[in-house]
Amino acid sequence: MSFENPFKKTGRTWNSRSGNGCSCGRHASELDHALDRSSEDARIRSAVEETVLRAVFPDPIARRTFLSTVGSATALAAIASVFPYATVTEAFAQATPEKKDLKVGFIPITCATPIIMAKPMGFYEKQGLNVDVVKTAGWAVIRDKTLNKEYDAAHMLAPMPLAISLGVGSAPVPFAMPAVENINGQAITLSIKHKDKRDPKTWKGFKFGVPFDYSMHNYLLRYYLAEAGLDPDTDVQIRSVPPPEMVANLRADNIDGFLGPDPFNQRAVFDGAGFIHILSKEMWDGHPCCAFAASKEFITTSPNTYAALLRAIIEATAFATKDENRKQIAAGIAPANYLNQPETVLEQVLTGTYADGLGKIVKDPRRVDFDPFPYQSFAIWILTQMKRWGQIKGDVDYKAVAEQVYLTTDTTKLMKEVGLTPPADPLKGFSVMGKAFDPTKPAEYLASFPIKRS
Amino acid sequence: MIAIPLNVRAGLVSLLILATLLIAWHIAVSGSGPTAKVDPEYAKLMGATATQGKSAMPGPIEVGQKLWGLVSDPFYDRGTNDKGIGIQLGYSIGRVLLGFMLAAMVAIPLGFIVGMSPLMSAALNPFIQILKPISPLAWMPLALYTIKDSSISAIFVIFICSLWPMLINTAFGVASVRKDWVNVAKTLEMSPGRTAWRVILPAAAPTILTGMRISIGIAWLVIVAAEMLVGGTGIGYFVWNEWNNLSITNVINSILLIGVVGMILDQMLARLQGAVAYAD
Amino acid sequence: MTSNHISVQGLSRRFPDPTGKGETVVFDNVWFDVAEGEFFCVIGHSGCGKSTILNILAGLDRPSGGTIVAGGVHVDGPSLDRAVIFQGHALMPWLTALQNVELAVTSRHPGWTRAQAREHAMKFLALVHLDHAAHKKPSQLSGGMKQRVGIARALSLEPKILLMDEPFSALDALTRGSLQDEVLEMRARTKQTTFMITHDVDEAMLLADKILLMTNGPNARVAEIVENTLPKLRSRTDLHKHPNYYPLRNHLIDFLVTRSAVMAKGDSGDFDPKNPPLIRPTHAVSAVGPPQLLSGAPATDQAPVTSAA
């Protein structure tokens, strides 16, 4: 938000966000603006200037009149004579992190790409942070280590911060999810022996694996099965299986299929154990999967560190959104220190040009995508599904919980800081498998399902 | 005929058995699975198993090559989650030794008390009998929940599992000290402390060391399992990491190294056992 | 009373019966004295409680009744002044012969330096002719050598009283003989008050000054005290040529074979536990028949009737 003369011929007002170019006007795009370090200092300074001006002239019309009369430079100089910009600018720029050495846990799946790649690609360093990304053995362990503060923040499944805040499956500790890691990026993979059994109605008696009870995978799988008329608790068996074991279990015939994270879907294809039946994107395009989460305690006690960390991740996410960067990212996260997978598997997942296990090469560039914004409507949908399957009992104040856990304001602010465009409506509606979801009417949505537990 | 000593003969037979096993293994994995006719573009995206029918299970040569790779550069450090096998083994051994020492410091004095006092023996017996059979991995969640630190929890689990053999053996060894020797100590007016140190301890030492040998074996078993559960560093974590990558070769190599280290630990204690043995 | 006198007064030992009804009495109301410098043997069948008396004397057991005063002190637990030589050598197998003796020396003289202790210990090993084997472990020594180490260990304490619990019964006859000779030699030299349990009559005759005979257990009691009427300075080679040899021997064997049982069963008659009869078997010249036993009055000052000393 730079200090623009509101009557410039371009027609952009100081709070205008539309059009191309960037917000300070000196870069070709928002992204270039975001990646330009020098402009950040300028931006901070201009942010201070604008704040002060707003304080002096709270009325926008009066403000514009003043500016048009004296011109921006004079206006600044006049105020500078009575206000110490320099000190304030310095103070704001020195919002240095309280804690520079951090540990962030991750599970080695492609959902965590922004968290992971931020390390080898220097996004953490850029914020002055020394982050140790620690590979963790499983979701329960990552939850426990974050709860006992061995990790400052972690890669979690999107429902997990909700579950932890509500005290479902662990002690209730207020958690926040300021950023979604990835959207899409999952698939239902079936054992190669079922290649002629693609109609879900024939799946009665199948055994499925999902990574964790409180996961989008579990809810999406159940939704899919319920749409086909199968009751997920009585007509099939759903078990928690750690992702790497999914492929082995598939090969060993312990499970007939799984709805799991990449790269294990592609890995199953790569090893000839299974084929990809349907991408999660085809069920709900833009569904959240994994998230970056931290305890509220961390956020309140180390706000600068939290902001820096979040900024790094948001920038990394922005970088990952671009198709041309995907190959490079695959190479960066393939080594043993991170995902420890063959590079070609990761490439197929990230670029969306992949073998489907049945002899075809499919091109779907949005197979996995990265958008950090934690829509509160996601939270509400997850809560309805948790209630649907009996994971939470009793009444839930959907909106309140969603607002507390999915911190849209933080993300909005920081997205702007790094030059991204945050969505205007945190409560956007969407459709899942063709059925519309209205986040303002969660109870009705829940009631509309024939197969449920509550 | 030159008489070949028993050791040499045994060694030769061992080698023969090993060679047979390796050859059988090699034959078992060199078979080809079904291959489908695939478009070469497609084939590029697929792994060797799907396209060439290569067995998912590695053969001895592949395992040998990977093993050489692991041990020839054991101390590399390419980041938090990727360290050389020497470093990982170091972490595991460190945890084992720490947990084991702590257990010894508790078990041996407690074993003395139990061995020398029929009252304490009877009083503590129910606790020992109930706690002894509990599997280490059952302790793990409880430890994590209360201790809240995964490294300390792992050491605690080692501690609680290596405690019992040492405790029981020490108690037994102490109680079985020949009465004659204790009588000698009495007639020499030796104080209880001096008696314990100069008579009972050396007398019970072989039995105590047997207990220690059993304990270290258990401790090594437990650490691998605990590290797989908790992750971070260590050979157990290494196995899990390789399993993640479905790299069976490295899993096999890890198992081999785990066995070798376990054997070394056991041998160290066997030496110690030899040092305190006496002919009676 | 001299300082090395042992005075056993009314000693008894009872155990609760294993079946729970009543008690088993090992022995009851035992009285005897051991003078300073005396070599005192106790003979009796197994079960008569002779080892028990020794254990009580050693302080390893407690009497059910009565007391013992030894070396001027009431016996109440083990003491370095009452050194024990055990039946089964009881050497610590993880220590060398020298270290075993040193253990005793350092117990007795905790303030000594290692050199002092070593020197003292070697002296006593030399006494039993084992200085050359000082650095051998017990497993490398023969049975006789091990027992000699045990003797050296006890003697190194320079105790007031030496207690020996059937020290040679576990050895073969030849070794036994040579060890007895060594003890004989030491006895001549040191004049150590010694209390020994044995069931070997010849051994008692060789070594003892007085021999206590006990009736068979349970409910054993002192039968009589026999004075060794052979000359004080003895040697194995010509001991049997002494005229008192056979009277003494016959008396003892007769007791062991017959009288110990008979006396146990029969009533004690006018037997006064505090004053057990003192017998001095000698060869008495008599015109009539074979040599006879002269039974003496309890007083010790009766002049022996002997033909030749």
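The paragraphs below lead from chain A as a whole to one of its sheets, and then to a group of strands in chain C.

This is a predicted model, in which local features need pLDDT of at least 70 and side-chain atom pairs count only at pLDDT 80 or more, while totals for chains, interfaces and linings use all residues. Residues are numbered from 1 along each chain as its sequence is written, and chains are lettered from A and ligands numbered from 1 in the order in which they are written.

Chain A holds 21 helices and 16 strands, where helices (H or I, at least four residues) and strands (E, at least two) are DSSP runs numbered from the N terminus. Of its 454 residues, 50% count as buried, a term that requires 20 or more other C-beta atoms within 10 Å of the residue's own, whereas 12 or fewer make a residue exposed and the values in between make it partly exposed, with C-beta atoms placed from the backbone. Two residues are in contact if their C-beta atoms, again placed from the backbone, lie within 7 Å; among the contacts in chain A between residues at least 6 apart in sequence, 76% join residues at least 24 apart.

A:Thr65 lies in helix H3 (residues 60–70) of chain A, and A:Thr65 counts as partly exposed because it has 13 C-beta neighbours inside 10 Å. The C-alpha atom of A:Thr65 is separated by 70 Å from that of A:Leu250, a residue 185 positions away along the chain.

Chain A also contains an open sheet of five strands in the order E8-E7-E9-E6-E10, with mixed pairing, two strands being paired if DSSP finds at least two bridges between them. At its edges are strand E8 (237–240) and strand E10 (274–279) of chain A, each of which pairs on one side only. Strand E6 (residues 186–191) of chain A runs antiparallel to E10(A) and is joined to it by five bridges, and A:Leu190 has A:Phe275 as its bridge partner in E10(A). Helix H11 (residues 243–251) of chain A packs on this sheet, touching E6, strand E7 (207–210), strand E9 (257–261) and E10 of chain A.

In chain C, strand E1 (residues 6–16) and strand E4 (residues 65–70) run antiparallel and are joined by five bridges, with C:Gly65 in E4(C) as the bridge partner of C:Ser12. E4(C) also pairs in the antiparallel sense with strand E5 (residues 73–74) of chain C, over two bridges, and here C:Val69 stands opposite C:His74 in E5(C). E4(C) and E5(C) form a hairpin with two residues between them, and C:Gly71 in the turn has a positive phi of about 60 degrees.

Technical notes: Axes fitted to C-alpha atoms, helices over the stretch in contact; angles between N-to-C directions.
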